[in-house]
Amino acid sequence: MASNSPTLTPESPKGSLQNVNSDSKESMKLKKEISLLNGVCLIVGNMIGSGIFVSPKGVLIHSASYGLSLVVWTVGGIFSIFGALCYAELGTTITKSGASYAYILEAFGGFLAFIRLWTSLLIIEPTSQAVIAITFSNYMMQPIFPTCIAPYLANRLLAAACVCLLTFVNCTYVKWGTMVQDFFTYAKVIALIAVIITGLVKIGQGHTQNFEGLFDGSSQDPGDIALALYSALFSYSGWDTLNFVTEEIKNPERNLPLAIAISMPIVTVIYILTNVAYYTILPMNAILDSDAVAVTFADQVFGVMNWTIPLAVALSCFGGLNASILASSRLFFVGSREGHLPDYLSMIHIHRFTPIPALLFNGIMALIYLCVEDVFRLINYYSFSYWFFVGLSILGQLYLRWKEPNRKRPLKLSLFFPIIFCLLTVFLVVVPLYSDTINSLIGIGIALSGVPVYFLCCYTPARKRPLWLKTVIAKSGLLIQKVCFTVLTEMDVDEDKAE
């Protein structure tokens, strides 16, 4: 339930939350443990999910030719770089974790920020994590059940074990989470480089027949081209991952924009060259008919080593899930700190400095959604909301430029970038309404369901909220504080003033 726990005052009921370390000289806040390399691995690891291995055909099916599809992948990469650069400015100007939630809160206030948080809590984060975990489980099960579908219960239990393991790792130490992320990012990039090298070697050997008449049959329908671009941009999503953990980045004014500048071209080049490799080996009908393009590719060129690609897909999902857990837990952490969720979600362990309650909450939500049999259908509901709030945060960047022109901005872009990206997000919001109207309307309904929750639990003063609600939150918060050995965090006041 999204509500703020009782204010910590002498009148608070016995057993209310207390910052037991308030007299300590060491401030209780998240530690800056994410280096430049960790940041690059977080962005690359979250952007490169299972999609490029399993089903990169969304662009091809709408563009209808290899040539136009490669153009669309390139344009999608360029537009994503625009969005990432805008977030680099926002992240160095508003040095709070939480990405678009923090930026919308700063620009437009609590109501819209809460709706962003509500949609993430209710559908975006737990659904996407459940889907990634199930995909991981599917590919781990494939060698055990090569000729049939793995048992439903075994699949879901392995997915749940994956969520629990990564939640535990991130609860233990931030450094452990980033080490896991680094390793699995290297693994998936190496797998894609193997695919790319294989394709380039085949091209060097003269296998270029699939590229003859490169643009023949290209779609002329603007609607199809729009849907192809939409598919490409969705595949590039995840470039905002590092902005969720801004407060934990070492020297964020330097490392945040630099990590974005390094990772975005890497992902764009890998996506384009991977598709070139697929197109070199596989005819168009083989790609469109395949449920796992990289597996089909490996069956044709890797021989007895074809098992490496299903393993690479599983590793890719594992790394992507780790990045998602790390980022989304910080979103709930910041939402709690701003008063939009119970206070105990903004607590951190007194020795490990990890947001254990927020991580456990995120893990529990993902496990709940693993119990939904048709969880893949739920992911269709949030495309509208996702791009709407990304666009709103970039619009907030323009608004703050006008409202606070003299604000310190370590990185200041030309207005060309946010304006172009805002126009693009209008397109990205309209496309789902056109192509998937029912699911988009359901997504809008889910977002609007947060309106009464906001007015009841956030807008209403604490003294007017039901006593039983305040008592339940206070007592449950005390229990969580004792069990998790956590205390409330402190804002980095001195650093904020210095900026």
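Trainee: How are α5 and α6 oriented to each other, roughly parallel or roughly antiparallel?
Mentor: This is a predicted model, and in it helix α5 (residues 100-108) packs against helix α6 (residues 110-141) with the two axes 7 Å apart. The angle between them is about 165°, and angles over 145 degrees count as roughly antiparallel. The orientation of α5 and α6 is therefore roughly antiparallel.

Trainee: In which hand does α5 pass α6, left-handed or right-handed, and how many nonpolar residues are in their contact?
Mentor: The crossing of α5 past α6 is right-handed. On the α5 side the contact is made by S100, Y101, I104, L105 and F108, and these meet G110, L112, A113, F114, R116 and L117 of α6. Sorted by class, the contact has one charged residue, two polar residues and, as the count you asked for, nonpolar residues numbering eight.

Trainee: How are α6 and α19 oriented to each other?
Mentor: The axes of α6 and helix α19 (residues 450-459) come within 10 Å and cross at roughly 120°. Since the roughly perpendicular range is 65 to 115 degrees and roughly antiparallel needs an angle over 145, the orientation of α6 and α19 is therefore oblique.

Trainee: Which residues of α19 make the contact with α6?
Mentor: α6 passes α19 in a right-handed crossing, and α6 brings G110, F111, F114, I115 and W118 to the contact. The residues involved divide into nine nonpolar and two polar, with no charged ones. From α19, the residues in the contact are G450, V451, V453, Y454, F455 and C458.

Trainee: How are α13 and α14 oriented to each other?
Mentor: Helix α13 (residues 308-337) and helix α14 (residues 356-370) have axes that come within 8 Å, crossing at roughly 115°, and this crossing is right-handed. In α13, I325, S328, S329, R330, F332 and F333 meet A358, L359, F361 and N362 in α14, a contact that divides into six nonpolar residues, three polar and one charged. As for orientation, α13 and α14 are therefore roughly perpendicular.

Trainee: Which element gives the most residues to the largest nonpolar core?
Mentor: The largest nonpolar core holds 153 residues, and the members that touch the most others are I48, L242, Y279 and W387. For I48, leaving out residues up to four places away in sequence, the residues touched are K188, V189, L192, V267, I270, Y271 and S316. With 15 residues, the element giving the most to this core is α13.

Trainee: Is N155 buried or exposed?
Mentor: N155 lies in helix α7 (residues 152-172), and its contacts beyond four places in sequence are I134, S137, N138 and M141. Its relative accessible area is 7%, and buried means under 20%. N155 is therefore buried.

Trainee: What is the relative accessible area of F353?
Mentor: F353 lies in the loop between β1 (347-349) and α14, and although F353 is not a glycine, its phi is positive, at about 60°. F353 counts as buried, with a relative accessible area of 11%.

Trainee: What is the relative accessible area of A64?
Mentor: A64, which is not a glycine either, has a positive phi of about 70°, and A64 sits in the loop between α3 (57-63) and α4 (66-93). A64 is partly exposed, with a relative accessible area of 29%.

How values were computed: Residues numbered from 1 in each chain as written. Predicted model: local features only at pLDDT ≥ 70, side-chain atom pairs only at ≥ 80, totals over all residues. Heavy atoms only, no water. Axes fitted to C-alpha atoms, helices over the stretch in contact; angles between N-to-C directions. Helix = DSSP H or I, 4+ residues; strand = E, 2+ residues; numbered from the N terminus. Parallel < 35°, antiparallel > 145°, perpendicular 65-115°, else oblique. Left-handed = near helix turned anticlockwise from the far one by under 90°. Contact = heavy atoms within 4.5 Å. Nonpolar A, V, L, I, M, F, W, Y, C, P; charged D, E, K, R; others polar. Core = buried A, V, L, I, M, F, W, Y, C linked by side-chain atoms within 4.5 Å. Buried < 20%, exposed > 50% of the residue type's maximum accessible area, 1.4 Å probe, protein only.
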